[in-house]
Amino acid sequence: MGYSQLCRRGHELLDATLTLSVVAIVVGMTACASGLPARSEHTDKASFFRPTATIEDIMRWMVDPAADAVWDAVVTVGTVDGIKTTQPETDDDWRALRRHAITLVEATNLLLIDGRRVAGTESHSALPGIDLEPGEIELLVADDRETWTRLVHELHDAGVGVMDAVVATDVDGLLVAGDQLDLACENCHSVYWYPGYGGRPDDVP
Ligand code: HEC
């Protein structure tokens, strides 16, 4: 008998009898009223974090600016005077990149918190028919948490690659890590944001 059935049964018995067993039932019902250990654990877990921003917010205000800083850190342009490369030079340049790298890495943990909305109710697909609506994305995420987690972890690992290159002040490494980062973004967007567009086959989540 499940615990809730037990509680319900306890109520029925209490109505029907006034024998000694009432004592046991009352004790049992007190346990029901004070909450099952399993139930209170669940409640604690559900209320422990306070997911305030949406996934869209985290993308727009944390992940995207940090990734842009990484991609813009090494730029090669052709000018009339020849090829010109801009790259991080000073301690301050590298420190700024480190700040962005840690944001990228740890934002991934925020993306794994249960109960975070994909977007606010006012948000709608910018390209209907190509971009999914937030509600549709939410269903996809809820339906297959494992794939979501795997793709978030890919972003985490790409962020760690960026961090490693930054700590080593390795410009070439930063370029390679930037490519990996781009791939991690695309791998997730092509599943949840614009599936079927730009070409990953449907059967490769
Ligand atoms: C694990 C999945 C996942 C990864 C990885 C991911 N994104 Fe997203 N991203 C989403 C989802 C889902 C949306 C759609 C949310 C919405 O706008 O409704 C989104 C939307 C966005 C948006 C649009 C936000 C807006 O204002 O509407 C930007 C910009 C963005 N992502 C940038 C990035 C960049 C840059 C990366 C890689 C560095 C990245 N994302 C990696 C899932 C992901």
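How do the axes of α7 and helix α8 cross, and within what distance do they come? In this predicted model, the two axes come within 8 Å and cross at roughly 165°.

## Packing of α7 with α8

Helix α8 spans residues 171–192. Angles over 145 degrees count as roughly antiparallel, and the crossing at roughly 165° therefore makes α7 roughly antiparallel to α8. The crossing of this pair is left-handed.

On the α7 side, the residues that meet α8 are T147, L151, E154, L155, A158, G161, V162, A165 and V166. Their counterparts in α8 are G173, L174, A177, Q180, L181, A184, N187, C188 and V191. By class, the residues of this contact comprise 12 nonpolar, 5 polar and 1 charged.

## Packing of α5 with α7

Helix α5 covers residues 91–111, and helix α7 covers residues 145–167. Their axes come within 9 Å and cross at roughly 165°; α5 and α7 are therefore roughly antiparallel to each other. The crossing in which α5 passes α7 is left-handed.

From α5, the contact draws on W94, L97, R98, A101, I102, L104, V105, T108 and L111. From α7, it draws on V152, L155, H156, G159, V160, V162, M163 and V166. The residues of this contact divide into 13 nonpolar, 3 polar and 1 charged.

Among the α7 residues in the contact with α5 are L155, V162 and V166, and these residues are also among those that meet α8.

## Surroundings of the ligand

There are 23 residues around the ligand, of which M59, A67, L155, C185 and C188 come nearest. L155 also takes part in the contact of α5 with α7, while C188 is one of the α8 residues that meet α7.

Helices α4 (55–71), α6 (134–143), α7 and α8 each contribute at least two residues to the shell. The largest share, 7 residues, comes from α4. The shell is made up of 18 nonpolar, 2 polar and 3 charged residues.

## Confidence of the model

The mean pLDDT of the chain is 83, and 74% of the residues reach 70 or more. Over residues 1–33, however, the pLDDT is below 50, and this stretch has 14 contacts in the model beyond near neighbours in sequence.

Where pLDDT is low, the predicted coordinates should not be read in detail.

Technical notes: Residues numbered from 1 in each chain as written. Predicted model: local features only at pLDDT ≥ 70, side-chain atom pairs only at ≥ 80, totals over all residues. Axes fitted to C-alpha atoms, helices over the stretch in contact; angles between N-to-C directions. Helix = DSSP H or I, 4+ residues; strand = E, 2+ residues; numbered from the N terminus. Parallel < 35°, antiparallel > 145°, perpendicular 65-115°, else oblique. Left-handed = near helix turned anticlockwise from the far one by under 90°. Contact = placed C-beta atoms within 7 Å. Nonpolar A, V, L, I, M, F, W, Y, C, P; charged D, E, K, R; others polar. pLDDT = per-residue confidence, 0-100. Near = placed C-beta within 6 Å.
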